[in-house]
Amino acid sequence: MTEYERSRTMPAQPEQVFDQAADVGRLDAWLPDALHVEAGEPPTVTVHEDRTDEDTSAVLRAQPEQMRIEWGTRERGGYTGWLQVAGIGSGASEVTVHLSFFDDRHQPGEQAVRDALDTSLRRLEEQVRSRVDHAAG
């Protein structure tokens, strides 16, 4: 099993960050460009991966009371992940994303995963900033 984890501080309350991250209709706004999620009957989603041009059945569970989102592939058991939002005071939050790959065929390589996690967290921060700025303005 191979695991990766990245964190980023965001200038918003944890509830605002979590609401943005957990919105299934807006996942494509912050997930890696090569992944596309289509909601199904909760908690089922379909994930399309451009790299393999495959659709994979997955589960996605949001736990608002814990500020946590968990996901994973259903059919092949290839990977799982979670996103955790924690308040750090002064109106800021820390977001941590963790991925676990159980099958190396699903693992695109260490640098690619780290870059994708960093890019996703940056994109999520941009979405959160835009939402917070819009609400304040």
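Helices and strands here are DSSP runs, with helices of at least four residues, strands of at least two, and numbering from the N terminus. With that settled, one landmark: Gly 109 lies in the loop between β7 and α2. This is a predicted model, so please keep that in mind throughout.

I'll stay with Gly 109 for a moment. What separates the C-alpha atoms of Gly 109 and Thr 2? The distance is 9.9 Å, although these two residues are 107 residues apart along the chain.

Strand β7 covers residues 92–101, and nine of its ten residues are buried. Which strands does β7 pair with? On one side of the list is β1, residues 2–10, which runs antiparallel to β7 and is joined to it by nine bridges. Within it, Val 85 stands opposite Val 95 in β7, and Leu 83 has Val 97 in β7 as its bridge partner.

β6 and β7 also make a hairpin, with two residues between the strands. Ser 90 is in that turn, and its phi is positive, about 55°.

As background, side chains in a regular strand alternate between the two faces of the sheet.

Strand β5 takes in residues 68–73, runs antiparallel to β6 and is connected to it by five bridges. Arg 68 has Gln 84 as its bridge partner in β6. The side chain of Arg 68 has another contact to report: its charged end sits over the ring of Trp 82, 4.5 Å from the ring centre.

Next, the aromatic residues. How many aromatic pairs does the structure hold? There are two. Tyr 4 and Phe 101 form an edge-to-face pair, with 6.1 Å centre to centre and 75° between the planes. That pair links distant parts of the chain, because Tyr 4 is in strand β1 and Phe 101 is in strand β7, 97 residues apart.

Tyr 79 is buried, as is Phe 101. Taken together, the ring pairs link Tyr 4, Tyr 79 and Phe 101 into a cluster.

Tyr 79 comes up again in the pocket. The largest pocket has a volume of about 650 Å³. It is lined by 30 residues, and the closest to its centre are Leu 31, Pro 32, Leu 35, Tyr 79 and Leu 99. Which elements give two or more residues to that lining? They are β2 (35–39), β3 (44–49), β4 (54–63), β5, β7 and α2 (110–136). Of these, α2 gives the most, with five residues. By class, the lining has 24 nonpolar, four polar and two charged residues.

Last, two loop residues with positive phi. Asp 53 has a phi near 55°, a positive value in a residue other than glycine. Asp 53 lies in the loop between β3 and β4. At 59% relative accessibility it is over the 50% cut-off, so Asp 53 counts as exposed.

Met 67 is the other one. Its phi is positive as well, about 55°, although Met 67 is not a glycine. Met 67 is found in the loop between β4 and β5. Where Asp 53 is exposed, Met 67 is buried, because its relative accessible area of 15% falls under the 20% cut-off.

That is the tour.

Note on methods. Residues are numbered from 1 along each chain as its sequence is written. This is a predicted model: local features need pLDDT of at least 70, side-chain atom pairs count only at pLDDT 80 or more; totals for chains, interfaces and linings use all residues. Side-chain values use heavy atoms; hydrogens and water are left out. Buried means under 20% relative accessible area, exposed over 50%, partly exposed in between (1.4 Å probe, protein chains only). Two strands pair if DSSP finds at least two bridges between them. Rings of Phe, Tyr and Trp (its six-membered ring) pair if their centres lie within 6.5 Å; planes under 30 degrees apart count as stacked, over 60 as edge-to-face and the rest as tilted. A charge sits over a ring if NZ of Lys or CZ of Arg is within 6 Å of the ring centre and within 35 degrees of the ring normal. On a 1 Å grid over the protein atoms alone, a cavity is a set of points where a 1.4 Å probe fits but cannot get out, and a pocket is an open set with protein on both sides within 12 Å along at least five of seven lines; lining residues have an atom within 4 Å of a point. Grid points are joined across faces, edges and corners, and a volume is the space filled by probe spheres set on the points. Ala, Val, Leu, Ile, Met, Phe, Trp, Tyr, Cys and Pro count as nonpolar, Asp, Glu, Lys and Arg as charged, and the others, Gly among them, as polar.
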